[in-house]
Structures are given as C-alpha cells and as structure tokens.
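Me: Could you walk me through this fold, one feature at a time?

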Amino acid sequence: MNMSSQQSSSQEGFGLFSLLVVLPALLFVLLIGMKCYPIFLEKIKVDHILSSAESKSFEAGMNIRKFALYLETQFQLDGVNQLRRKSIEKLLSVKKTNFGSQYTLNYPIEIRLFEDLSVVYEYKKSVTLK
C-alpha cells in the first residue's frame, strides 16, 4: 500500500507551476505564429502568381517592364501587397539562359510584431519564361 501511495503522488498533472510558466509561454508562441501568418500567406500567393506566369506563354519581346506590369496586375487581383510597377522593376533581375529569360524576384516581406520589433522574410524566387 505504501508503494502505491508514493507512485500516485509522483504522478501529478497540470499544476500551478505549469499554469504560471508553461501556459503563458505557449500563448506567446501562438501569438507570434498568428502575427507571422500573413508572411506565410503572402509567400504562398506570390509563389502561385510566379508559377502561373511560368506556365503562360508570353510574347517573345517580354522585358522587365512588361513582366513587372503583369506582376503588379496579379498582385492587385490577389491582394498580395501594394508593390507598384516601378518598385517591382527594381526588385526583379533578369538573366538570359538557354531555355529563355530567368526572372528573379527578390523582396523583403516585413510584419511588425510589436512596437519596436518586426519580422522580415527575404523572399526570393526565380521563374524561366520562354
């Protein structure tokens, strides 16, 4: 009998310590995750826009200005962010390859967590247009 009482007292559940330390830590991690979710959502939308651009057949004279205009239109339709054609042109780089032109979009996605703290995700993806 004495053995079972010792065993049951060492197997306690969710106590006051857990309530005061572990629960706030989990809630803080959940808060950070909820604040960072827009970065994840924007990344998915931009990935989709660039993938659909890669699958389309553009005219042979596609340059950085026309591609930036296409991206601006798609960004506005999908509600990605407020990037405009001129800023998209600055964030795009073009490299000629054997398979066509490789366009690389490189821009920071920034979310403000708190007053003096923000999270920046450096987005970079390349697509090849034939």
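Reply: Happy to! A polar contact here is a pair of N or O atoms within 3.5 Å, where within protein one must be able to donate a hydrogen and the other to accept it. Please keep in mind that this is a predicted model.

Me: With that cut-off in hand, which side chain makes a polar contact with the side chain of Ser101?
Reply: Ser101 belongs to strand β2. Setting aside neighbours within four places in sequence, its contacts are Val94, Lys95, Lys96, Val127, Thr128 and Leu129. The polar contact, at 3.2 Å, is made with the side chain of Lys96.

Me: Is Ser101 buried or exposed?
Reply: A residue counts as buried when its relative accessible area is under 20%. The value for Ser101 is 11%, so Ser101 is buried.

Me: Which residue of β3 stands opposite Thr104?
Reply: Thr104 is placed in strand β2, and it counts as buried because its relative accessibility is 11%. Its contacts beyond four places in sequence include Leu91, Leu92, Lys124 and Lys125. The side chain of Thr104 also makes a polar contact of 2.7 Å with the side chain of Ser126. The residue standing opposite Thr104 in β3 is likewise Ser126.

Me: How many bridges join β2 to β3?
Reply: Strand β2 covers residues 100-112 and strand β3 covers residues 118-129, and the two run antiparallel. A hairpin of five residues links β2 to β3, and Arg112 faces Ser118 of β3. The number of bridges joining β2 to β3 is 12.

Me: Which strands stand at the edges of the sheet?
Reply: The sheet is open, with three strands in the order β1-β2-β3 and antiparallel pairing. Each edge strand has a single partner, so one of its sides is left without a neighbour in the sheet. From one strand to the next, the twist averages 20 degrees. The edge strands are β1 (92-97) and β3.

Me: Is α2 parallel or oblique to α3?
Reply: Helix α2 (residues 16-55) packs against helix α3 (residues 64-78) at about 135 degrees, with the axes 11 Å apart. Among the residues making the contact are Val46, Ile49 and Leu50 of α2 and Phe67, Tyr70 and Leu71 of α3. The crossing is right-handed. Angles over 145 degrees would count as roughly antiparallel, and the angle here makes α2 and α3 oblique.

Me: Which strands does α3 lie across?
Reply: Let's take the helices in turn. Helix α2 lies across β2 and β3, at about 10 degrees to β3. Helix α3 runs at about 130 degrees to β1. The strands that α3 lies across are β1, β2 and β3.

Note on methods: Residues numbered from 1 in each chain as written. Predicted model: local features only at pLDDT ≥ 70, side-chain atom pairs only at ≥ 80, totals over all residues. Heavy atoms only, no water. Pairing = 2+ DSSP bridges. Helix = DSSP H or I, 4+ residues; strand = E, 2+ residues; numbered from the N terminus. Buried < 20%, exposed > 50% of the residue type's maximum accessible area, 1.4 Å probe, protein only. Contact = heavy atoms within 4.5 Å. Axes fitted to C-alpha atoms, helices over the stretch in contact; angles between N-to-C directions. Parallel < 35°, antiparallel > 145°, perpendicular 65-115°, else oblique. Left-handed = near helix turned anticlockwise from the far one by under 90°.
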